[in-house]
Amino acid sequence: MKLNHLNLTVTDVKASVDFLVKYFGLQIGNTRGNAFAALFDDGGLVLTLMKGDQVRYPNTFHIGFIQESEDRVNEINQRMKDDGFDVESPQRSHGWTFYVQAPGGFTVEVLS
């Protein structure tokens, strides 16, 4: 058994899609304007995004993208900084990791 899909409610489907495609290489499947999108990773996971006006996740809620190396985590972190995201530098915790508030109202962890 494996997890095959996850749905997130977001305030801006298009901005969320653009973020996930640009930084994590997800592929766009089906979209319906700014109401819905289905994204796919190369491991078979389907991530769906649905528009919601009031998005509120618990403080500790996040999705994570494991990278192959600390250098890759550093590279993504720098790209996000260069693109204007308010993101702290990676730090040693349960891995080499950082968190970023993604467009649409959810948090992403990037780690190796």
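Which residue forms a salt bridge with Lys-14? Select Asp-18: the closest N and O atoms of the pair are 2.9 Å apart. A salt bridge here is a side-chain nitrogen of Lys or Arg within 4 Å of a carboxyl oxygen of Asp or Glu.

Before moving on, note the ground rules. This is a predicted model, in which local features need pLDDT of at least 70, side-chain atom pairs count only at pLDDT 80 or more, and totals for chains, interfaces and linings use all residues. Residues are numbered from 1 along each chain as its sequence is written, and side-chain values use heavy atoms, with hydrogens and water left out.

**Stop one: helix α1.** Show residues 13-24. Lys-14 and Asp-18 sit 4 residues apart in this helix, so about one helical turn separates them. Helices are DSSP runs (H or I, at least four residues), numbered from the N terminus. Now colour by accessibility. Lys-14 is exposed, at 51% relative accessible area. Asp-18 is partly exposed, at 40%. The cut-offs, with a 1.4 Å probe and protein chains only: buried is under 20%, exposed is over 50%, and partly exposed lies in between.

**Stop two: Lys-51 and Asp-53.** Select both side chains. They meet in a salt bridge, 3.4 Å from N to O. Lys-51 is partly exposed, with 38% relative accessibility. Asp-53 is exposed, with 69%.

**Stop three: helix α2.** Show residues 70-82. Pick Arg-72 and Glu-75, whose side chains form a salt bridge of 2.5 Å, N to O. These two are 3 residues apart in the helix, so the separation is about one helical turn. Glu-75 is partly exposed, at 42% relative accessibility.
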